[in-house]
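I wanted to look up the ring contacts in this structure and one of its strands. My entries follow.

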Amino acid sequence: MSSLAIVGSQWGDEGKGKIIDYLAGKADMVVRAQGGSNAGHTVVIRGKKYALHLIPSGILNSNTANIIGNGVVFDPESFFEELAGLERDGIPTDKIYLSDRAHIVFPYHKALDELYEKARGSADIGTTKRGIGPAYMDKIERSGIRACDMLDEGGFREKLEAQIAHKNRVITGLFGGAPLDAGEIARRYAEYARRLAPRVRDTGVMVHEALKSGRKVLFEGAQGSMLDIDLGTYPYVTSSHPVSGGFIVGAGIGLGAIHGVVGITKAYTTRVGKGPFVTELADATGDRIRELGHEYGATTGRPRRCGWFDGLVVRYSARVNGLTGLALTLLDVLSGFDELFLCERYERGGQAIEDFPADLGLLEGCRPVYRRLPGWGSDISGCSSYESLPENAKGYVRAVEEITGVPVKIVSVGPDREQTIIREEVF
Ligand code: IMP
């Protein structure tokens with residue numbers, strides 16, 4: 001398969017980093033197409049841990065081109081910090097390219113993210129405060145500043161100063177906040193522009209050429225499908241399209257350019273931030289999953305909310321993404337539980353609910369209907385083949401397939417590359 005998209009099928013943090021890292025080793029090109037520095041996945045390079053936010057995972061392989069597509073909101077501050085970390089350790093960073101159409105995140109986006117959240121009070125979304133929502137707001141409102149704008153020094157300064165003046169009126173007038181220093185920001189960003197210039201390209205052409213010549217292209221999703229601005233648990237979502245369709249616009253490619261879509265799926269469910277979560281376990285079992293799965297955010301360090309596997313969510317995700325396979329991650333975390341629960345559908349007022357509802361009010365009243373399965377006592381983190389898994393673990397994988405209607409092609413039983421069971425090659 002010469003092109004493959006990887007998406008999170010739940011609320012993000014499904015362990016995409018590890019699977020993408022494994023697949024990126026085979027890719028000629030890795031493409032990010034949405035989100036920004038709100039994403040965070042930890043990868044291990046030569047024994048050292050790196051939290052990548054903006055830089056695509058192809059960075060682990062010196063021959064791979066890494067594309068930050070037009071759909072990403074790009075924060076130069078975060079980018080250069082990540083870059084410095086990699087360069088300090090001698091990792092080649094020359095093959096990272098930024099779309100000339102990508103919108104730039106500025107300090108006022110981050111300031112406004114904080115202020116909007118504060119103003120929402122108890123109805124806050126729980127954003128990562130990386131300025132993502134405000135940057136996409138400017139893009140849609142048509143006042144954003146793009147990477148190509150940064151290349152014209154005089155024009156860039158003019159646009160930026162006008163934006164800062166406008167945003168300062170909002171920050172001080174509406175929220176009573178402190179104004180931002182336009183001169184300091186303009187100077188800093190002029191320097192970023194100078195350093196970014198050699199990386200700024202029409203990346204759509206690069207992706208198109210790679211696909212046309214049959215090179216292997218991996219589309220790397222950030223966040224998860226249930227955080228999609230249109231299809232997720234709105235308004236408790238991010239401001240981009242983490243579903244497979246997001247790659248079409250966010251990388252500037254045509255329908256049909258993606259030959260397969262793998263949904264990275266945790267063997268249980270987590271989410272960070274606010275919003276409904278039908279299978280949430282706000283009890284000792286939830287705490288046990290959090291501790292065993294090290295369920296703390298890579299970007300913010302926040303403890304994640306944990307719960308049983310929500311099959312209705314993944315079934316919904318399979319439909320909206322056109323999933324052709326699942327990579328089931330963190331199965332080892334469930335070792336040692338006497339009994340395991342998988343949600344097959346919801347029930348509300350005696351009525352079965354099979355499709356994920358749009359109305360959060362309706363969702364609040366839903367209760368999960370579970371399939372109960374016996375657990376497995378033994379540690380599975382050393383299992384290197386599907387056959388060597390305990391019968392009950394295989395039964396769990398089969399149940400995931402039955403409930404979601406998607407074949408599980410990869411099973412992950414630990415954080416290392418070797419702890420990956422490939423049932424069917426996907427790329
Ligand atoms: P924002 O993307 O910072 O605007 O945050 C909006 C929502 O998306 C919040 O609930 C965040 O916790 C969530 N979110 C954003 N990025 C990620 C991610 O990479 N993993 C999981 N949740 C995320």
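I started with charges over rings, counted when NZ of Lys or CZ of Arg is within 6 Å of the ring centre and within 35 degrees of the ring normal. Arg-423 lies over the face of Tyr-386, 3.8 Å from the ring centre. I also found Lys-216 over the face of Phe-427, at 4.7 Å from the ring centre.

I noted the basis of these values: this is a predicted model, where local features need pLDDT of at least 70, side-chain atom pairs count only at pLDDT 80 or more, and totals for chains, interfaces and linings use all residues. Residues are numbered from 1 along each chain as its sequence is written, and side-chain values use heavy atoms, with hydrogens and water left out.

Next I looked up aromatic pairs. Rings of Phe, Tyr and Trp (its six-membered ring) pair if their centres lie within 6.5 Å; planes under 30 degrees apart count as stacked, over 60 as edge-to-face and the rest as tilted. The structure holds 16 aromatic pairs. Phe-79 and Phe-80 have ring centres 5.2 Å apart and planes at 70 degrees, so I logged the pair as edge-to-face. I then checked burial (buried means under 20% relative accessible area, exposed over 50%, partly exposed in between, with a 1.4 Å probe and protein chains only). Phe-79 is buried at a relative accessible area of 1%, and Phe-80 is buried at 8%.

Tyr-346 and Phe-356 are also edge-to-face, with 6.3 Å centre to centre and 65 degrees between the planes. This pair links distant parts of the chain, ten residues apart: Tyr-346 is in strand E16 (residues 339-348), and Phe-356 is in the loop between strand E17 (351-353) and helix H12 (360-364). Helices (H or I, at least four residues) and strands (E, at least two) are DSSP runs, numbered from the N terminus. Tyr-346 is buried, with a relative accessible area of 1%; Phe-356 counts as buried at 11%.

Which residues form one aromatic cluster? I listed Phe-74, Phe-79, Phe-80, Phe-106, Tyr-108, Phe-156, Tyr-189 and Tyr-192.

Last, I looked up strand E10 (residues 217-220). Val-217 and Phe-219 point one way from E10, Leu-218 and Glu-220 the other way, and all are buried. Strands pair if DSSP finds at least two bridges between them. Strand E1 (residues 3-8) pairs with E10 in the parallel sense over four bridges, and Ala-5 stands opposite Phe-219. Strand E2 (residues 29-32) also pairs with E10 in the parallel sense over four bridges. There, I noted Leu-218 as the bridge partner of Val-30.
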